[in-house]
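Here is a walk through one protein model, moving from a single residue to its surroundings and then to the whole chain. Keep the sequence and the 3D view at hand while reading.

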Amino acid sequence: MGMAEQEKINRMQKNLSVIRNVARWTTERLGEELGVSRQTINSLEHNKTKMTKTQYLALRAVFNHEAMISENTALAQVIQSLVDEPVEEALSDETEESNGAEDEVQMDAMDGMSVATNVLADRKMAAAIAEALPTAMAAAMPPLTSLVVLPIVKQMMKRGR
């Protein structure tokens, strides 16, 4: 795992209670969404347990889902500013210091979650995407996400404990 990935995981763990509160969820509700106990969430929030990449991805998925279905752009913006942007700024500083040496960029699940959050945080972009989707497809997306993505995320979270 790269330094940028670990930094995002660390920032998510450090800011988990703030992000959860912006979502207006209790530790119990977040635990239910992930299929874990509220004690597991509490342990992550208080640094009693180190967050894994799997747990990070599961958290990003449920928070992105919540931001999408509740149109909570504040949630997406908080994740973007507390988790994604500081890491991106640090990476751009490192790139400038590397004397222009080009690094191979690989997009993985963590990058995909960041991109999804960025889209959700940008109201104009989210509105344009929603407008571009056929109405029937747009109506089917939240239920599809609930039926397909959330069970997978819950299983991932259980394994990541």
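In which helix is the place of E5? E5 belongs to helix α1. Before going further, note that this is a predicted model.

Is E5 buried or exposed? The cut-off for a buried residue is a relative accessible area under 20%. The value for E5 is 16%, so E5 counts as buried. Along the chain, E5 and K53 are 48 residues apart, yet 8.2 Å separates their C-alpha atoms.

Helix α1 covers residues 3–14 and helix α5 covers residues 53–69. Their axes lie 10 Å apart and meet at an angle of about 60°. The crossing of α1 and α5 is left-handed. On the α1 side, the contact is made by E5, K8, I9 and M12; on the α5 side, K53, Y56, L59 and R60 take part. Sorted by class, this contact has four nonpolar and four charged residues, and no polar ones.

Next comes helix α4, which spans residues 38–45. Which of its residues are buried? They are T40, I41, L44 and E45. Viewed down the axis of α4, these buried residues fall within an arc of 135°, so they line one face of the helix.

Not counting residues up to four places away in sequence, R38 touches T27 and E28. The C-alpha atoms of R38 and T26 are 8.5 Å from each other, with the two residues 12 apart along the chain. Just after α4, N47 takes a positive phi of about 55°.

Now step back to the whole protein. How many helices and strands are there? The protein has nine helices and zero strands. Read from the N terminus, its elements run α-α-α-α-α-α-α-α-α. Of the 161 residues, 35% are buried. The accessible surface comes to about 9,400 Å², and carbon and sulfur atoms account for 54% of this area. Among contacts between residues at least 6 apart in sequence, 81% join residues at least 24 apart.

How values were computed
Residues are numbered from 1 along each chain as its sequence is written. This is a predicted model: local features need pLDDT of at least 70, side-chain atom pairs count only at pLDDT 80 or more; totals for chains, interfaces and linings use all residues. Side-chain values use heavy atoms; hydrogens and water are left out. Axes are lines fitted to C-alpha atoms, for helices over the stretch in contact, and angles run from 0 to 180 degrees between N-to-C directions. Helices (H or I, at least four residues) and strands (E, at least two) are DSSP runs, numbered from the N terminus. A crossing is left-handed if the near helix is turned anticlockwise from the far one by less than a right angle, and right-handed if clockwise. Contact means heavy atoms within 4.5 Å. Ala, Val, Leu, Ile, Met, Phe, Trp, Tyr, Cys and Pro count as nonpolar, Asp, Glu, Lys and Arg as charged, and the others, Gly among them, as polar. Buried means under 20% relative accessible area, exposed over 50%, partly exposed in between (1.4 Å probe, protein chains only). The arc is that of the directions from the helix axis to the C-beta atoms. Accessible areas come from the Shrake-Rupley method with a 1.4 Å probe; for residues, only the protein chains shown count as cover.
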